[in-house]
Amino acid sequence: MSSELLAELAEWIAIPSVSADQARTADVERAGDWLVDKIRAAGGEAERIDWQGQPLVVGEIAASGGREAPTVLCYGHFDVQAVDPLELWESEPFTLVEHDGWLYGRGTADDKGQLLMLLEAARSLSRENALPVNVRFVCDGEEEVGGASIAEFLAADERGADACLIFDMSMIERDVPAFTIATRGLAYFHLELVSGERDLHSGVYGGAALNALHALSETLAAVLPAAGRLPEQLLAGVVPPSAEEQAAVTALPSGERVLAEQGARPADASAAAEFYLRTCAQPALDVNGIEGGSPHLQKTVLPVRATANLSIRLAPGQDAVVIGAALEQLLHEALPAGAELSVQLLSASAPGLVDQSAPAIELALAAFEQSFGRRPLLIRSGGTMPIMPALQAKGIPAIVTGFDLPEGNIHSPNERLWAGYLEPGIATAKAILSALGKL
Ligand SMILES: [Zn+2]
């Protein structure tokens, strides 16, 4: 492994670019400037821009054969997670340390170390006069605290790209790489139910007056899953997993094991067996909180106000507006006579789905397999990633992969990157960029 590259990584890791910490704002900007300097030193153009108060690095290393070549957007983030609890770190979080084959330090795996692989791939191909695509870097410094600015930037960006390459993911396990081809969206609601003018004495009115908590329970029951299945109206638009995705699930740890490791109990008899279908390819509704009445003091009250927070993880293919309207209708249909319900949409973000048959994805899969020796599994993520729908809306196929490992401790003390993946990661990124030249 090149000691120059390690020295570079050490330098970048040493900048404590914790985006969640207001006191580190200048460090986040400094970590961005570091990237700007590297892109410029490679013969490219780059600058750090202020995007509605957030730092973005926008840069480009031009194709060796001229600008008419295809353009590949490389995304990564130069901010990192906070490091506390500090006492659980076995070495200084902002000092790169190599130990037992691992590179330790905050940001080694998430995401500086992985972004450096993309940078090194682009600049070394450029140096060899063999870069067949324009590599456009668009990187943010707020991924760990939301990541909305990159999605807004892409929506407003007129330049576009022929593909996007992202190294910010983990393998399934050692030497089992994956492409994340879908993410779920999220629609978050606040509910307020009123069943009368004032709270009442349950001895005088109980049994005759409408109780808000009863009415809320009855209303919510209409949208909860029955035997693991949500009402048909909430399943509208779901794109089922492809045969290759279904095959990939067999390589993942069993749902039973995943749930047990978290001390979780299956929601119903089929939940463990259908774990990946339920968490990645289906919408999921969760009541996040309920408030009302007197759950602590022993009061003989008949409450007339109840509130709840409720959210739906939207499956790939679904639309937040359509599902939100369906939810509201189901709730109102189930609402007992006399009760009033208001449903407020607090936030929404779209799911993302990559077109697996896009030539860019096929080229990248083949290049990855040829370089690394394993074809990446096509998997869906149950979480929400704003950049995925933003790319989808622009028709840019997203190659979302990476060389982190489940034991890489991202977001935890002792974050680490398997040092043995630095060279193969760069080689694979070079192979993908080279292959995308055929677009
Ligand atoms: Zn990350």
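1. For comparison, ideal angles are 109.5 degrees for four tetrahedral donors.

2. Before going on, a word on what you are looking at: this is a predicted model, where local features need pLDDT of at least 70, side-chain atom pairs count only at pLDDT 80 or more, and totals for chains, interfaces and linings use all residues. Residues are numbered from 1 along each chain as its sequence is written, and side-chain values use heavy atoms, with hydrogens and water left out.

3. Histidine 77 sits in the loop between strand 3 (71-75) and strand 4 (97-99), while aspartate 168 sits in the loop between strand 7 and strand 8 (178-183), 91 residues apart. Helices (H or I, at least four residues) and strands (E, at least two) are DSSP runs, numbered from the N terminus.

4. Have a look at two cis peptide bonds. One runs from aspartate 110 to aspartate 111, with omega near 5°, and aspartate 111 is in the loop between strand 5 (102-104) and helix 3. Another runs from aspartate 84 to proline 85, also with omega near 5°; proline 85 is in the loop between strand 3 and strand 4. Most peptide bonds are trans.

5. Glutamine 52 has a positive phi, near 45°, without being a glycine. You'll find glutamine 52 in the loop between strand 1 (45-51) and strand 2 (54-61), exposed at 63% relative accessible area. Alanine 227, not a glycine either, has a positive phi of about 50°; it lies in the loop between helix 6 and helix 7 and is exposed, at 73%.

6. How many salt bridges does the structure hold? There are 22, each being a side-chain nitrogen of Lys or Arg within 4 Å of a carboxyl oxygen of Asp or Glu. In one of them, lysine 38 pairs with glutamate 8, the closest N and O atoms being 3.0 Å apart. That pair links distant parts of the chain, helix 2 (residues 25-41) and helix 1 (residues 3-13), 30 residues apart. Both lysine 38 and glutamate 8 are buried.

7. Another bridge joins arginine 375 and glutamate 244, at 3.1 Å from N to O. These two are 131 residues apart: arginine 375 is in the loop between helix 11 (359-372) and strand 16 (377-381), and glutamate 244 is in helix 7 (residues 243-249). Arginine 375 is partly exposed at 36%, as is glutamate 244 at 33%.

8. Now the nonpolar core (a set of buried Ala, Val, Leu, Ile, Met, Phe, Trp, Tyr and Cys residues joined through side-chain atoms within 4.5 Å). The largest one has 87 residues, and those touching the most other members include Trp12, Phe137 and Leu391. Helix 3 (residues 112-127) gives this core its largest share, 8 residues. Apart from it lies another core of 28 residues, with Leu191 and Ala320 among them.

9. Finally, the chain is divided into domain 1 (3-183 + 351-436) and domain 2 (185-238 + 282-349), with bounds that come from an automatic or database domain assignment. Their C-alpha centres lie 41 Å apart. Where they meet, 9 residues of domain 1 are in contact with 9 residues of domain 2, contact meaning heavy atoms within 4.5 Å.

Key
Buried < 20%, exposed > 50% of the residue type's maximum accessible area, 1.4 Å probe, protein only.
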